[in-house]
Structure formats: structure tokens, C-alpha cells
Amino acid sequence: MKKFFFFAVAAFTAVTMNAQVLSFGDAVIAKANFPQDTIIACADNAEFALHIECDIDGGKVEIDANNANFGTPEDFVKYSYRLKTGGKYDTTVGKGKLNKMTLAIPEKGTLKICARTGSATTERAIVLAADGQEIFRQALLDEQATKLKDLDEDGVQKTNDKGELKWLVYFPVYSVNVEAGDYDLMYPDGAVNFYAFELVTEGGSVEPQPEGVEEVAGAVKAQKVVENGQLFIIKNGVRFNAVGAVVK
């Protein structure tokens, strides 16, 4: 029996578009407990979903906590959980090999993928295919990220508890135009970590404008942050929830 997980996500309000985000909640699911036949669905549209098939005995798929920023330093989203494939795409049933994922797209739009290689120093590809035809391939490598010094208020680079320099890292978001249908989501080179999928239809993303916040020339662009499955917007130093209320 398939098990359905509806993780809390937030969708932007808009006049000419619809954007839905499928991410991986706020709870760890260890390999030993990961259901063999699972559908992880977008809370705002259950038809936008990821179907995962894996061997329950010796399977490799899991969800764990891991912070990563996706986008640019000026416009990014921080995700706190990821889906780890733990190995390469494989349709072999038994002996812990089955590791298969299918992405259901309910309508035509742009699919945005937030993913990283499962090995920081090794390039891994992700492939999207429909009816056996490859429509998208992207090599993942951590070196593709934008890396900036994490500075304190005096402009000095911060260090961690081990005395190592701290950096602000922003991984790229990959986009592909899709039609409605089911797509094989493959990772033929080895383990890949998925943080989120976003489906944008009929236009582009429009952020909700919090009440009392005006667009001013030179103002800092709003930043979107997902924490524990909830969307927050930080603009000009003020923190808002998805409906525009100030969060302290």
C-alpha cells in the first residue's frame, strides 16, 4: 500500500500564476523506517507529487536534517531537510537495489529543482525523462555554488568552533519546461540529495507584499526562508510569514 505524506509548504499568492513547492517536511526518516512504496505530495496540490520505490530491506533512501540555500545571495530560499537517494537510480527489485523515483506533474509549467550531488567532490547527474525520452540532464557539483565570506558587523570573516572560516553558500536552482504527465527522475551516476521541487504555471512567482512594506528604490530584496516546513519572508530586516504578518 502506498503511504502518502503531505508536508506543510506555502504557495505564493498571485494574479497570473500558481507556484507550488514540494519539500521534505521537518522530520527525519531513517533508512530502516523509510516506506517501500511512498508518495510525497505537495500540500497545496496533491497531484504534484514524488513517487518513491525502494527496497525496505537494505534500502538506501532517507530524509535527514541539512541546511542549504538555493538561489542567489539576493534572492534565495533556505531548506532545512533533504531527501537522500543514498545510491544511483536502479529499477532492480531485491537485494537493496531498488531505488526509483517518478515525479507527477499535474499541468504545464516550469519545474524548478533544488538538488546537490551526494558527494561534495564528485559530479553527479540528474535526468528527467518522459516515455523513455530524456528531456533534461544536469550535472551537479558543489563548485557550481556561489560562495561569499560570512562577515561580522566589523567586516571580519567569522569562524566556527574549530577556528575554520565561515562562508555563505548559495546553490543554483535548475529549471526545465514540462507538460502534464509522469516523469522518471533519475540519478544514474550515484547518490543525489533533493531539497525541493517547485512547479510554476501560467506566469512567474509573485511574492505576497506584507502590509505596511513599500517598494523603495534601493531597498533590500525580500528573501524567502523555509524553516520547519513554514515559509518566512525577510525584507529590510523585518520577518513576515506567508500571509504578510510580522513575526517576532
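Which residues does L111 touch, not counting residues up to four places away in sequence? I looked: F48, L103, I105, L128, Y174, S175, V176, V178, F197, E198 and L199. Contact here means heavy atoms within 4.5 Å.

Notes on the source. I am working from a predicted model, where local features need pLDDT of at least 70, side-chain atom pairs count only at pLDDT 80 or more, and totals for chains, interfaces and linings use all residues. Residues are numbered from 1 along each chain as its sequence is written, and side-chain values use heavy atoms, with hydrogens and water left out.

Core. The core has 39 residues, and L83, L111, F194 and F197 touch the most other members. Strand β9 (residues 124-130) gives the largest share, five residues. Strands are DSSP runs of E, at least two residues, numbered from the N terminus. Another core of ten residues lies apart from it, including V77, Y79, F171 and A196.

M101. I found M101 in strand β7 (residues 99-105). M101 is buried at 0% relative accessible area; buried means under 20%, with a 1.4 Å probe and protein chains only. H51 is 50 residues from M101 in sequence, yet their C-alpha atoms are 5.6 Å apart.

T117. I found T117 in strand β8 (residues 109-117). T117 is also buried, at 3%. Its side chain reaches the backbone oxygen of S119 at 3.0 Å and that of T122 at 2.7 Å.

Methods. Core = buried A, V, L, I, M, F, W, Y, C linked by side-chain atoms within 4.5 Å. Buried < 20%, exposed > 50% of the residue type's maximum accessible area, 1.4 Å probe, protein only. Helix = DSSP H or I, 4+ residues; strand = E, 2+ residues; numbered from the N terminus. Polar contact = N/O pair within 3.5 Å; in protein donor to acceptor, adjacent residues only side chain to side chain.
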